[in-house]
Amino acid sequence: MWGQGSYEKLAARFGPVQDELIEKLDLAAGDRVLDVATGTGEVAVRAAKAGASVTAIDIADPMLEKARRRAEEEGVEISFDLGDVEYLPYEDACFDVISSNFGLVFAPDHANVASELARVACPGARLGFTAWKPNAKLGELYRRFSEEPVEGREAYEWGREDHVEDMLGEDFDLEFVDGTLWLEAESGEEIWDLFSQSAPPVIELLKRLQPGQVDEFHRAFVDLYESYRSPEGGIRAPR
C-alpha cells in the first residue's frame with residue numbers, strides 16, 4: 001500500500017510537525033539516529049542537517065527511492081534500509097535517538113513495534129514520534145465505506161495516552177505534547193485531490209470501492225472538509 005501515490009506532496013504539508021519533532025528531540029552532533037518508517041525522509045534529512053548520524057528504514061521501496069533523492073537534493077548523508085518496523089534489522093542498544101513522524105503508528109502489531117523500539121534503544125536514548133488523535137468525523141466517514149480502519153489497523157490508538165503508556169511505559173519515561181496541524185486549501189475539492197492522489201490508505205480504499213461508491217465517498221469527503229470553511233474564505237481544517 002505504502003508504495004502508491006505521490007506521498008511527498010502530503011508529507012510537505014507536515015513540515016511544521018516535522019520541525020517540532022526535531023526540536024523536541026534536541027539532537028546533538030554525532031547522535032546515532034534511527035528514523036522509523038521514514039517515508040520520503042523529511043525527518044531523517046532534518047536530523048542529518050543537525051549533525052546526527054542517521055539511519056532511516058521503511059517498508060516501501062518506492063518511498064525509500066524518494067527519500068534518497070530528497071537526501072541527495074539536500075546534500076546530506078543518510079543510510080537507508082528496506083525493512084519492517086516490527087522486525088528491525090539492527091543490534092540491541094545501538095541508537096541514541098529514535099524518531100518517527102506518522103510512521104510507526106501504521107504497523108499492525110503495536111506490541112511488537114514497542115518491543116523493537118526498546119530493544120534497539122541505548123540506555124538513556126530519546127524516542128520521539130507523532131501520532132494522529134482519534135477524529136470522530138473522519139472515523140464516521142470511513143466506516144460508511146469500509147469495515148477496516150482506512151489509515152491502518154488501529155493506527156489512531158497511538159493517539160491515546162493510555163495506549164502509549166501500555167505499549168511503552170515500562171521502557172520509556174513518557175511525555176505527551178498536544179498539537180494541531182491545520183490543513184489549509186481553497187476548497188474541499190483541493191483537499192480531495194491531495195488525499196486521493198497522495199495518501200496511500202485513501203488510494204487503497206478507492207481501489208476496493210465500486211464506481212458508484214467512489215463517487216459517493218468523493219462527495220462525502222469534500223462535504224466534510226467544506227464544513228471547515230472559514231468566514232474569510234478557504235478551508236482550515238484541524239488535525
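The model is predicted, so local features need pLDDT of at least 70 and side-chain atom pairs count only at pLDDT 80 or more, while totals for chains, interfaces and linings use all residues. Residues are numbered from 1 along each chain as its sequence is written, and side-chain values use heavy atoms, with hydrogens and water left out.

**Overall fold**

Let's begin with the chain as a whole. It holds ten helices and seven strands (DSSP runs numbered from the N terminus, H or I of at least four residues for helices and E of at least two for strands). The chain has a radius of gyration of 18 Å, close to the 18 Å that the globule rule gives for 239 residues, so it is as compact as a globular protein of that length. That radius is taken over C-alpha atoms, and the globule rule is 2.2 Å times the number of residues to the power 0.38. Along the principal axes, the C-alpha atoms fill a box of roughly 50 × 40 × 35 Å. Of the 239 residues, 52% count as buried; here buried means under 20% relative accessible area, exposed over 50%, and partly exposed in between, with a 1.4 Å probe and protein chains only.

**The largest pocket**

The largest pocket contains about 1100 Å³ of space. A pocket is an open set of points on a 1 Å grid over the protein atoms alone, where a 1.4 Å probe fits, with protein on both sides within 12 Å along at least five of seven lines; lining residues have an atom within 4 Å of a point. Points are joined across faces, edges and corners, and the volume is the space filled by probe spheres set on them.

There are 35 lining residues, and Phe129, Thr130, Phe176, Val177 and Asp178 lie nearest the centre of this pocket. Helix H2 (15–25), strand S5 (121–130) and helix H7 (161–168) each contribute at least two residues to the lining. By class, the lining has 19 nonpolar, six polar and ten charged residues (Ala, Val, Leu, Ile, Met, Phe, Trp, Tyr, Cys and Pro are nonpolar, Asp, Glu, Lys and Arg charged, and the others, Gly among them, polar).

**Salt bridges**

The whole structure has 18 salt bridges, each a side-chain nitrogen of Lys or Arg within 4 Å of a carboxyl oxygen of Asp or Glu. Three of these pairs are set out here.

| Pair | Closest N to O |
|---|---|
| Arg68 and Glu65 | 2.7 Å |
| Glu157 and Arg160 | 2.3 Å |

Arg119 is partly exposed at 24%, whereas Asp92 is exposed at 51%.

Arg68 and Glu65 both sit in helix H4 (residues 61–74), three residues apart, about one turn of the helix. Arg68 is partly exposed at 27%, and Glu65 is partly exposed at 36%. In the remaining pair of the table, Glu157 is partly exposed at 23% and Arg160 is partly exposed at 29%.

A network of salt bridges links Asp19, Glu42, Arg46, Lys49, Arg70 and Glu74.

**Cysteines**

The search for disulfides finds zero, with the cut-off set at a pair of cysteine sulfur atoms within 2.5 Å. Cys94 is in no disulfide, and its nearest cysteine sulfur, that of Cys122, is 6.7 Å away. Cys122 is buried, with a relative accessible area of 13%.
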